[in-house]
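Open the model in your viewer and show it as a cartoon. This tour goes from one selection to the next.

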Amino acid sequence: MSKIKSITQIGLDSKQSEALASELNVLLANYQLYYQNTRGLHWNIKGKHFFELHVKFEEIYTDAQLKIDLIAERVLTLGFTPMHTFSDYLKNAKIKEGKNIADAKTAVELIVNSLQTIILLERNILKTAGKLNDEGTLTLLTDFITQQEKEIWMYSSWLKQ
Ligand SMILES: [Fe+2]
């Protein structure tokens with residue numbers, strides 16, 4: 001007699017989907033820290049790179065805001081609940097709070113380090129999504145990674161001045 005597998009409303013294995021959703025929630029938590037850190041950089045940056053970086057950080061947090069929504073709504077599409085409180089974000093994120101950063105080099109290093117953390121998380125999520133044949137999550141994260149890798153190259157180049 002074959003075991004009956006529990007399937008979600010989009011036809012994926014329920015147990016594996018739950019594991020995937022919790023990994024996506026950890027990514028969401030990290031993205032929220034990244035987002036809020038970047039807002040702080042936008043506000044507090046000082047010095048001769050002010051105009052350039054003030055605009056760049058706004059670009060980064062605007063993009064992060066879009067990705068945050070896509071990650072949260074993927075969790076919902078999979079049939080689970082996205083994390084949404086500050087306390088849960090702080091508990092689950094590897095990225096630390098960047099407080100009162102005014103120095104350009106420190107700020108851009110924070111961006112690069114955060115993106116590196118995020119990419120590693122995403123590569124692990126790709127493994128889980130691959131086992132599950134979850135094309136939706138695979139496509140979403142593949143696009144994120146391609147863009148973030150390019151960003152790491154650009155911000156690292158800027159740091160080599
Ligand atoms: Fe602003």
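This is a predicted model: local features need pLDDT of at least 70, side-chain atom pairs count only at pLDDT 80 or more; totals for chains, interfaces and linings use all residues.

**Stop 1: two helices**

Select helix H1, residues 14-44, and helix H4, residues 104-131. Two packed helices are described by the angle between their axes and the distance between the axes. For H1 and H4 the angle is about 170° and the axes are 10 Å apart. Angles over 145 degrees count as roughly antiparallel, so H1 is roughly antiparallel to H4. The crossing of H1 and H4 is left-handed.

**Stop 2: where they meet**

Now show side chains along the contact. On the H1 side, select residues including Leu20, Leu24, Leu27, Tyr31 and Leu41. On the H4 side, residues including Leu110, Ile118, Leu121 and Ile125 take part. Which kinds of residue make up the contact of H1 with H4? There are 14 nonpolar, seven polar and three charged residues. Among the residues to look for are Glu23 in H1 and Glu122 in H4.

**Stop 3: Asn100**

Select Asn100, in the loop between helix H3 (86-92) and H4. Most residues other than glycine have a negative phi. Asn100 has a positive phi, near 50°. Is Asn100 buried or exposed? Asn100 counts as exposed because it has 7 C-beta neighbours inside 10 Å, and the cut-off for exposed is 12 or fewer.

**Stop 4: Asn133**

Move on to Asn133, in the loop between H4 and helix H5 (135-159). The phi of Asn133 is also positive, near 55°. Asn133 is exposed, with 11 other C-beta atoms within 10 Å.

Notes:
Residues are numbered from 1 along each chain as its sequence is written. Helices (H or I, at least four residues) and strands (E, at least two) are DSSP runs, numbered from the N terminus. A residue is buried if 20 or more other C-beta atoms lie within 10 Å of its own, exposed if 12 or fewer, and partly exposed in between; C-beta atoms are placed from the backbone. Axes are lines fitted to C-alpha atoms, for helices over the stretch in contact, and angles run from 0 to 180 degrees between N-to-C directions. Angles under 35 degrees count as roughly parallel, over 145 as roughly antiparallel, 65 to 115 as roughly perpendicular and the rest as oblique. A crossing is left-handed if the near helix is turned anticlockwise from the far one by less than a right angle, and right-handed if clockwise. Two residues are in contact if their C-beta atoms, placed from the backbone, lie within 7 Å. Ala, Val, Leu, Ile, Met, Phe, Trp, Tyr, Cys and Pro count as nonpolar, Asp, Glu, Lys and Arg as charged, and the others, Gly among them, as polar.
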